[in-house]
Amino acid sequence: MPRHAFQLSRPKVQTTGVIFASPHSGRDYPMWFLKKSVLDEKAIRSSEDAFVDRLFERAPQFGAPLLTAGAPRAFVDLNRAADELDPALIEGLKRGPHNPRVASGLGVVPRVVSNGRAIYRGKITRDEANSRIANYWRPYHDTLAGLISDARAEFGQAVVIDCHSMPHEAIETARGRGSARADVVLGDRFGGSASGEVVDRVEAAFAAAGLKVVRNAPFAGAFIAQHYGRPARNAHVVQVEIDRALYMDETAILPSREFASFRRLMTDVIAEIVEIGRSNTALAAE
C-alpha cells in the first residue's frame, strides 16, 4: 500500500487562516498496484497533478500549512465524495442515481485515467475499495477538516487553496475563438464555495505575477470546494488549476527547464495569498 495517506507541513507558527492543499499530487505507486494495472508506469500517472506539491512547498515559510496527498489519484481520488463508488469497477455494487463523474469512470476509486484509459483488466472487490477509503481518503479529509476548524477558531476564517494542475490540451480545447489562453483557472462553484472578495484577491495574486486568470471554465471546483466551501460560515475554498505546460514536460512527466523560475514566481503568489487570511483577523480585532 502507499506508505502515507498524506503529508502535513506546518509552519513554525501559523500566522494566517489560509491553508494550501494538494489532493492529486500523490506519487507513491505500490508495485502490486502497478502490476494489477494494464497501464505502464508513465500512462498511469497521466491524471496525477505532478509536482504541484513542489510548486507550493514554501507555503509554511509564510505561516500557512500545506497538506499533500501520499496516495496517487489513480489509486484513490481525494477530490470525490466517499460514496461516489463505481459499479462498473467494484464488485457487488448496484447502480444508483446517475452521477456523471462515476459514469465516466472518475469516482472515488477511479476506473480510468485521463482520456478514458482503463486502469484495470477487470473489477476490484468492495473490501479493497473500502480499504482505500478508510486508510487514505478519510485520514486526508479528517486532517483537512481539522485544519479548517482550527483556522476558523484562531483567525476568524479559513481559506483553502485547493491546488491542482490541468493538461495544456484541456485549456486549449476549452478556449473560445479569439479568447486569450488562460494560465490559471480559479473555481469557486460560481460563487458557492468562496466569497467574491476572497476570489478577487486570489486572482489578483496570480495576475500580479503576470499570469492570465479565468474563473470556473472549464473547471468550477469539485468535491472539496462543494463540501468545505461555506462562505457564510467563514470557510472559503478556491480551486486553483495551473497549466502544466508552464512548468513541466507533460509527455515525459518531468519538470521542464522553466520549473525553477516558475516555482520562484509561485513563491511570490503564495506570499500574496497568505495575506488574505491575516487581514480579516485584524479587522475582527478592531
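Figure 1. The model is a predicted one, in which local features need pLDDT of at least 70 and side-chain atom pairs count only at pLDDT 80 or more, whereas totals for chains, interfaces and linings use all residues. Residues are numbered from 1 along each chain as its sequence is written, and side-chain values use heavy atoms, with hydrogens and water left out. The relative accessibility of Thr-143 is 15%, so the residue counts as buried (buried means under 20% relative accessible area, exposed over 50%, and partly exposed in between, with a 1.4 Å probe and protein chains only). Leaving aside residues up to four places away in sequence, Thr-143 touches Phe-6, Leu-8 and Leu-67; contact means heavy atoms within 4.5 Å.

**Figure 2. The salt bridge between Glu-128 and Lys-36.** The side chains of these two residues meet at 2.7 Å, N to O. A salt bridge is a side-chain nitrogen of Lys or Arg within 4 Å of a carboxyl oxygen of Asp or Glu. Side chains of opposite charge can pair when their charged atoms come close. Because Glu-128 lies in helix α4 and Lys-36 in helix α1 (residues 31-36), the pair ties together parts that are 92 residues apart in sequence. Glu-128 counts as buried, at 17% relative accessibility, while Lys-36 is partly exposed, with a relative accessible area of 29%. A network of salt bridges links Lys-36, Glu-128 and Arg-132. In the whole structure, the search finds 14 salt bridges.

**Figure 3. The salt bridge between Arg-244 and Asp-49.** The N to O distance between these side chains is 3.4 Å. Arg-244 lies in the loop between β7 and β8 (248-249) and Asp-49 in the loop between α1 and α2 (52-55), so this pair ties together parts that are 195 residues apart in sequence. Both Arg-244 and Asp-49 are buried.

**Figure 4. The open sheet of seven strands.** Pairing in the sheet is mixed, and the strand order is β1-β3-β2-β4-β7-β5-β6; two strands pair if DSSP finds at least two bridges between them. The edges are formed by β1 (6-9) and β6 (213-215), each with a single partner strand, so one side of each is left without a neighbour in the sheet. From one strand to the next, the twist averages 20°. Axes are lines fitted to C-alpha atoms, for helices over the stretch in contact, and angles run from 0 to 180 degrees between N-to-C directions. Strands β4 (residues 158-166) and β7 (residues 235-243) pair in the parallel sense over nine bridges. Ile-161 stands opposite Val-238 in β7.

**Figure 5. Helix α6 packed on the sheet.** Helix α6 (residues 196-208) touches β4, β5 (184-187), β6 and β7, and its direction makes about 155° with that of β6. The 13 residues of α6 should span 18 Å at 1.5 Å a residue, and the end C-alpha atoms are 18 Å apart, which agrees; the expected span of a helix is 1.5 Å times one less than its number of residues. Val-198, Val-199, Val-202, Ala-205 and Phe-206 are the buried residues shown in α6. They cover an arc of only 120° around the axis, which puts them on the same side of α6; the arc is that of the directions from the helix axis to the C-beta atoms. The face turned away from the buried side of α6 carries the exposed residues Glu-197 and Ala-208. Gly-210, which follows α6, has a positive phi, near 90°.

**Figure 6. The salt bridge between Arg-215 and Glu-203.** The two side chains meet at 2.7 Å, N to O. Since Arg-215 lies in strand β6 and Glu-203 in helix α6, the pair ties together parts that are twelve residues apart in sequence. Arg-215 counts as partly exposed, at 32% relative accessibility, and Glu-203 is partly exposed, with a relative accessible area of 23%.

Figure 7. Ile-171 counts as buried, at 4% relative accessibility. Apart from residues up to four places away in sequence, Ile-171 touches Met-166, Ala-182, Val-185, Pro-218 and Asp-243.

Notes. Helices (H or I, at least four residues) and strands (E, at least two) are DSSP runs, numbered from the N terminus.
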